[in-house]
Structure formats: structure tokens, C-alpha cells
Amino acid sequence: MSIFNSNTEGNSRSYRIVKIPKGGRDYRTLYIPCSSYRALLEIHLPALHEIAQELDSTGANYAFVKGRNAALNAKCHIGKRYALKFDLKDFFDSISVSHVSDILPRDIIEDCFIDGAPRQGLPTSPLIATIALYNFDADMVHALNSKSERRYTRYADDITISFDRPDFQGAIRAIVVSLVRKHGLALNSRKTKLLDARNGRLIISGIGVDHDGLHPTRKTVKKFRAAMHQGNLSSARGLAEWAACKLPTAYQDNNHD
């Protein structure tokens, strides 16, 4: 892990830049705010949560907002034969001021953007990136003519489109590539995958999906067992929660018989 200090914003808005290797030559860059800068950013969280709730016209996003999670995202694709998965490259760094200049108040933009982007590691960045992609979600839903045969969801930077007819694949790929370019984003082409339920469960946002419902993946179960063996109870509890594939409490309450 490499750590670089930056105080270019002044003492009240200083942060550290931490680079964590991801494998090969890739690394993840995190911006870690000092305590005073974090406190300033956290002041904006209630307003960002409210904006995120109010402006979600499609309901296609399942990350970072209340009442949504990975399990609910995966649930949308139960029973589908195929799923195309796409990954948005440099999720936080690809968001620019132009994506939100007509949506967010100026003070939020000034406080929450570093060098033109909502950097990963800042507590406000997940919500800002989510809000910035609502127009992209709307265009995707419209272009796919979102009927039951083609289901679109997004979990942060992970896009999933499920369908039953194999001849849909070419059109879906073309739509995604076109709209990603239109919105000034980019795809990580190495992570584009076509999943076929005949080859086993579809793995969507880290959860197994088939005609019967949601299931923990072998990878999750293996990690849970390893954490238990190592006595890492904190990690084990988190993995157990993930393996349970629990839907959000609000969703369970609204669908209780």
C-alpha cells in the first residue's frame, strides 16, 4: 500500500491519497479526508439522501440508497435465461461536474469534488455518483423498452440486463455502448460477460440467481468458512449476512402477507 499526503485544500480540507494494489498493475486510489474535512462532507449527506430519493425516476439503481441492496438487485433477474453484465470503468473518477451541475447545489459541488470528480473514499461520493447516473438509467430503460422480457438494473458501477431470447444480445450490447459514450462514461471491456442459466446460476451483484430464488455463491461460503477458521468474527458476521441474501427490511415489511 502506498500513501501520499496532500494538503492542497488547506488544513480544514486536507486528505491523504492511498493507493491499494488490485492485482497486476492495477490499483485502487482512495482519498481519505482528515477529520475536519470528513465532518464538513457529512453535513451534506442528509441533503444528498433526499435528492437521491426524489430524483430516482426509474428505480433501476440498487446501491447506496435507503431500501435497496444487492439482494434486491439480484431478485429482479430471477427466472431469466441470460444476463449481460457490464462494468463502468473508473466509476467515481468518471463523474464530472457537468453530470450534476444542474442538479446539485453549488456548495455541495464545491465541497465534495476534488480536482473535478467525487473521489472514492469521500463519504459523499457514492450518493453523488448515484445521482449523476440517474439520467443514464432513464435513457437505458427507455432504449431497452423496459418490458418484462428485458430487465435492466444497476448496482453502483455494475450493469445487468437479463433476457430470455438470445437474439436480444446484439441490440443490448449496441445500446449500452452507445449510451455509455453519450453520457461521457466508459466500459471496462474485460468485465463484460454473457451469463447463461444453463451453465449454472446467474451470478448477479455477488449473489446466485435461478428460477427458485437467491442463493449464496460458493465463493462467499468459502470466504465465510475461512473467516471462521481464522477466528475473524467481524468478517464472518458480514459474510454470513451477505450469504443470507436478505432483502431490505423496508421491502420485507411492504411485502409481508
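This is a predicted model: local features need pLDDT of at least 70, side-chain atom pairs count only at pLDDT 80 or more; totals for chains, interfaces and linings use all residues.

User: Why is Asp 115 called exposed?

Analyst: The cut-off for exposed is over 50% relative accessible area. Asp 115 has 65% relative accessibility, so Asp 115 counts as exposed. Its place is in the loop between H5 and H6, and its phi is positive, about 50°, although Asp 115 is not a glycine.

User: And what makes Phe 64 partly exposed?

Analyst: Partly exposed covers the range between the buried limit of 20% and the exposed limit of 50%. Phe 64 is at 36% relative accessibility, so it falls in that range. Phe 64 sits in the loop between H2 and helix H3 (70-75).

User: What makes the pair Asp 196 and Arg 81 a polar contact?

Analyst: The limit for such a pair of N or O atoms is 3.5 Å. The side chains of Asp 196 and Arg 81 make their polar contact at 2.7 Å, within that limit. Asp 196 belongs to strand E7 (residues 193-196). Leaving aside neighbours within four places in sequence, Asp 196 is in contact with Arg 81, Tyr 82 and Leu 202.

User: How do you know that E4 and E7 pair?

Analyst: At least two bridges are needed for pairing, and 4 bridges join strand E4 (residues 82-87) to E7, with the two running antiparallel. Across from Leu 84 in this pair stands Leu 194 of E7. Both strands belong to an open sheet of 4 strands in the order E5-E6-E4-E7. E5 and E7 are its edge strands, each pairing on one side only. From one strand to the next, the twist averages 20°. Helix H8 (residues 169-182) lies across E4, E5, strand E6 (158-163) and E7, at about 20° to E4.

User: Why are E8 and E10 called edge strands?

Analyst: The open sheet has 3 strands, in the order E8-E9-E10, with antiparallel pairing. Strand E8 (202-204) and strand E10 (213-216) each have a single partner strand, so one side of each is left without a neighbour in the sheet. Neighbouring strands here are turned by 40° against each other on average, direction ignored. As for E8 and strand E9 (residues 207-210), 3 bridges join them, against the at least two that pairing requires. Ile 204 has Ile 207 in E9 as its bridge partner.

User: Which residues have the most contacts inside the largest nonpolar core?

Analyst: That core has 48 residues, and those with the most contacts inside it are Leu 104, Phe 136, Met 140, Tyr 152, Ile 161 and Ile 172. A second, separate core has 9 residues, among them Ala 70, Ala 71, Ala 74 and Ile 207.

Note on methods
Residues are numbered from 1 along each chain as its sequence is written. Side-chain values use heavy atoms; hydrogens and water are left out. A polar contact is a pair of N or O atoms within 3.5 Å; within protein, one must be able to donate a hydrogen and the other to accept it, and residues adjacent in sequence count only if both atoms are side-chain atoms. Contact means heavy atoms within 4.5 Å. A nonpolar core is a set of buried Ala, Val, Leu, Ile, Met, Phe, Trp, Tyr and Cys residues joined through side-chain atoms within 4.5 Å. Buried means under 20% relative accessible area, exposed over 50%, partly exposed in between (1.4 Å probe, protein chains only). Axes are lines fitted to C-alpha atoms, for helices over the stretch in contact, and angles run from 0 to 180 degrees between N-to-C directions.
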